[in-house]
Amino acid sequence: MQADAIYTKSGDILSGQLISFQDGLCLFKTRYGVPISVQANELAGLSTDARHRITFASGDIASGRLLHTSGGSTVLESDSFGRAEIASDSITAMTRLFDDKKRDGAENVKASEPRVGSDGGQQAPMDFLTGSTVLLAPGKLELEWALQYKQARISHSLMDVGYFQMSAQNSMQLELSTTMRVGLSQDTEAWLSLPLTHTGIEQVSSNEYVRSTSQWALGDISAGLQYQWLQESAQWPAVSLTMTFSAPTGKKRYYPPEETWRDPLSNGSGHWGLAPGIAFVRSSDPAMLFGGLSYRWSFERRIDAYRVQPGAGLTGYLGLGFALNDKLSVGTRVSFSHYRNLRVDGQTIAGSGKDPLDLSLSASYRAFEQWTISPQVSFGLNEEAGPAYVSLRMNRRFE
């Protein structure tokens, strides 16, 4: 048995799962877990794994499975009257008949389950939805290699010590990260990320006083689970629940005032972290709306002889993505956070909270059958968000 499939009059062939078909509107879940809506009058053919109760525009009602023939026609296979050719665009509603489980046995039940990764055709990469929904079928594996570069520079003239003398501080960070994602079940996905950073800093107080340093260091390792709680329907978006864990494997220091120029060398939070969250995806052809909200709790830990408790953080994002064709998609998202004041040795440090706000623009291009390249640029919309940075991700999916 194959997954459900729809054939459009424009020539597209999509494989996945038929979610609903009501009032002439077909809602179909694609191989990437992203539902799309198609009007009945745009359908050239339809095939289903399971038996359905089918209502036609004429008012006639029949039950059975739909098959798509090599000649391009749609055939209704019914227990009552065998096979009959039908017009797909004459269907107004379909309701799945769940008595298939009793009639056909356990083997057919397993075959009729939705198979997100079973599409034989190519669809647009949906990398902008990573973290917002479950994208991998059970047993499927994806590896991601990401390269991110950010730089910050502050400088001004020192006219009192020389006409051309400068005071400047320049820091750069290059992050190389490897992320593995795997589909655990039809509705559950897990991931693990290992970042490695190279940081370089230079501080200049005229030509007479220049100091610099650099380091390679492992960042905070993180892992998480994503569970598809609700599938998208005509009334509701797809909703998933997330849980993220992070370990303080990166470097974290609190430097004395005369050494604060070394702050960029801290490439980790210094604390174990736990962040439950919720995310949604809503299809509005040809766009995808997505967003999420999470609450991060960091556990108290002793760093440089201080007992430090970071303030809890609330983080959210809203985004919009478009599939331009079967190889290219683009997306944009606005992210916002609110972090409470931290506590040191039991005392709240006023003014230590922050509220970063940033905007990201990304694109995803399928360079080869299983390879996707995704460049991204992010802009800080306020001072607390930091400087703009660019990143490049390469994804390899193993079917």
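**Reading the chain, step by step**

Author: Start with burial. Of the 399 residues in the protein chain, 42% are buried. Keep in mind that this is a predicted model.

Reader: What is the mean pLDDT of the protein chain?

Author: pLDDT is the predictor's confidence in each residue. Here the mean is 85, and 91% of the residues reach 70 or more.

Reader: Where does pLDDT stay under 50?

Author: Over residues 100-121. The model has 37 contacts beyond four places in sequence for that stretch. Where pLDDT is low, the predicted coordinates should not be read in detail.

Reader: How many helices and strands does the chain have?

Author: The secondary structure comes to one helix and 27 strands. Take the overall extent next. The C-alpha trace spans about 95 × 45 × 30 Å along its principal axes.

Reader: Which residues have the most contacts inside the largest nonpolar core?

Author: A nonpolar core is a set of buried residues joined through side-chain atoms. The largest one here has 29 residues, and Ile6, Phe21, Leu66, Ile91 and Met94 have the most contacts inside it. Strand E2, residues 13-22, gives the largest share of this core, three residues.

Reader: What is Leu66 in contact with, leaving aside its neighbours within four places in sequence?

Author: Its partners include Leu46, Ile54, Val75, Leu76 and Ile86. Ile91 and Met94 are also among them.

Reader: What share of the contacts with a separation of 6 or more joins residues 24 or more positions apart?

Author: That share is 57%.

Conventions:
Residues numbered from 1 in each chain as written. Predicted model: local features only at pLDDT ≥ 70, side-chain atom pairs only at ≥ 80, totals over all residues. Heavy atoms only, no water. pLDDT = per-residue confidence, 0-100. Contact = heavy atoms within 4.5 Å. Core = buried A, V, L, I, M, F, W, Y, C linked by side-chain atoms within 4.5 Å. Buried < 20%, exposed > 50% of the residue type's maximum accessible area, 1.4 Å probe, protein only. Helix = DSSP H or I, 4+ residues; strand = E, 2+ residues; numbered from the N terminus.
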